[in-house]
Amino acid sequence: MRTRKIVSIIILLIIAGGFMITFSQIPFGKDKINVANYYISRGIEETGAVNIVTSVVLNYRGFDTLGEVTVLFIAAIGLGAVLFVEKRVQKHTSDNKEDKAKRASLILRTGSNLLFPLILLFGAYIFIHGHLTPGGGFQGGAVVASGFLLIYLAFPKQSINKKSSSVAESLGGLIFIGIGLLGLIFSGYFLSNFLPKGIPNTLFSAGIIPIIYIAVGFKVGFDLTGIIDDLLGRSK
Amino acid sequence: MNLIYNWMYYISSGGLILIGMYIVLVKTNLIKIIIGLHFIDTGINILLICIGYVKGRTAPIFSTSGINPTNVVDPVPQALVLTAIVIGVAVLALALSIAIKVYEHNKTLNVSKIKRLKW
């Protein structure tokens, strides 16, 4: 145990030295923008999205984002496969004491009833306005999943309808790929922005970006909700 | 003061990465190892964001007037980190599910007590 600690500290000191040598060459706060100059100066007219991060994520690097959504999906599937149970163990013990002990407190139940629709609304706002404000499908989806987590904590016996949640999730992925294929048909390459760009800084602008972000929001939200469901379903 | 300002973010992100590596190398509890992995993840995200930062500039969102291409920071690391955070959460959940399975099979989370899995 002690030798392991000493060896690890020596290794970490070597790595820290490497860090220091590397980052002394990269000054903090200096202008080192090279590649992104193109995105910053041409982004609005080429994509119609005022949020340059969004236009990089979904327009210039849309294919990478498709890959990353796939990684998230595979992680969710892997988690479901690892925690696979034949049938959710549902004990019908009509023991009132146990029931009362399992119920969450009144504050949590009332608060989550009140907050759940607002959290969903906030998440939807974040992923619909992804091309105008800081935010987007990933963040909005995470907010939606946090709302479902609140419901899971407040009402331990409730669970989402697995079937409809997986339908919504697959629909999100299919819309992403479908829009990519439509771009292939209409303007010759995958995920091209074939819809009219509109006036920048309005809700109906930036072509396919808001549609894809809504799809990504649904997909990420229900992926994470499925992860929460799988993890909580096993707790005894 | 200026020295601290210039190095604070690099030191904090590098510190998070090193703390995470130390946890992964030394601790024997599986849950702590997973927390250490997430420390490394967070440290790398902060590192990428602060490499893209340019002093005195603002976020690359042109939704308000007065923001022009000469006073925004680098959007590419932010786009990277945006997706990396969600992927990090998914990987964390996957690792925790494997930890649950390991606990079910071995009735312990101590990796030095699990047979055929020694450092």
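**Note on the two-chain model**

1. In chain B, the axes of helix H2 (residues 30-51) and H3(B) come within 10 Å and cross at roughly 175 degrees, where axes are lines fitted to C-alpha atoms, for helices over the stretch in contact, and angles run from 0 to 180 degrees between N-to-C directions. Because angles over 145 degrees count as roughly antiparallel, H2(B) and H3(B) are roughly antiparallel to each other. Helices here are DSSP runs (H or I, at least four residues), numbered from the N terminus.

2. This is a predicted model, in which local features need pLDDT of at least 70 and side-chain atom pairs count only at pLDDT 80 or more, while totals for chains, interfaces and linings use all residues. Residues are numbered from 1 along each chain as its sequence is written, and chains are lettered from A in the order in which they are written.

3. The contact between chains A and B takes 48 residues from chain A and 41 residues from chain B, two residues being in contact if their C-beta atoms, placed from the backbone, lie within 7 Å. On the side of chain A that touches chain B, the largest share, nine residues, comes from H4(A), and helices supplying at least two residues each include H1 (2-24) and H9 (209-233).

4. B:Lys107, found in the segment after helix H3 (75-106) of chain B, has a positive phi of about 60 degrees although it is not a glycine. B:Lys107 counts as exposed, with 9 C-beta neighbours inside 10 Å, the cut-off for exposed being 12 or fewer other C-beta atoms within 10 Å.

Note on methods. A residue is buried if 20 or more other C-beta atoms lie within 10 Å of its own, exposed if 12 or fewer, and partly exposed in between; C-beta atoms are placed from the backbone. Angles under 35 degrees count as roughly parallel, over 145 as roughly antiparallel, 65 to 115 as roughly perpendicular and the rest as oblique.
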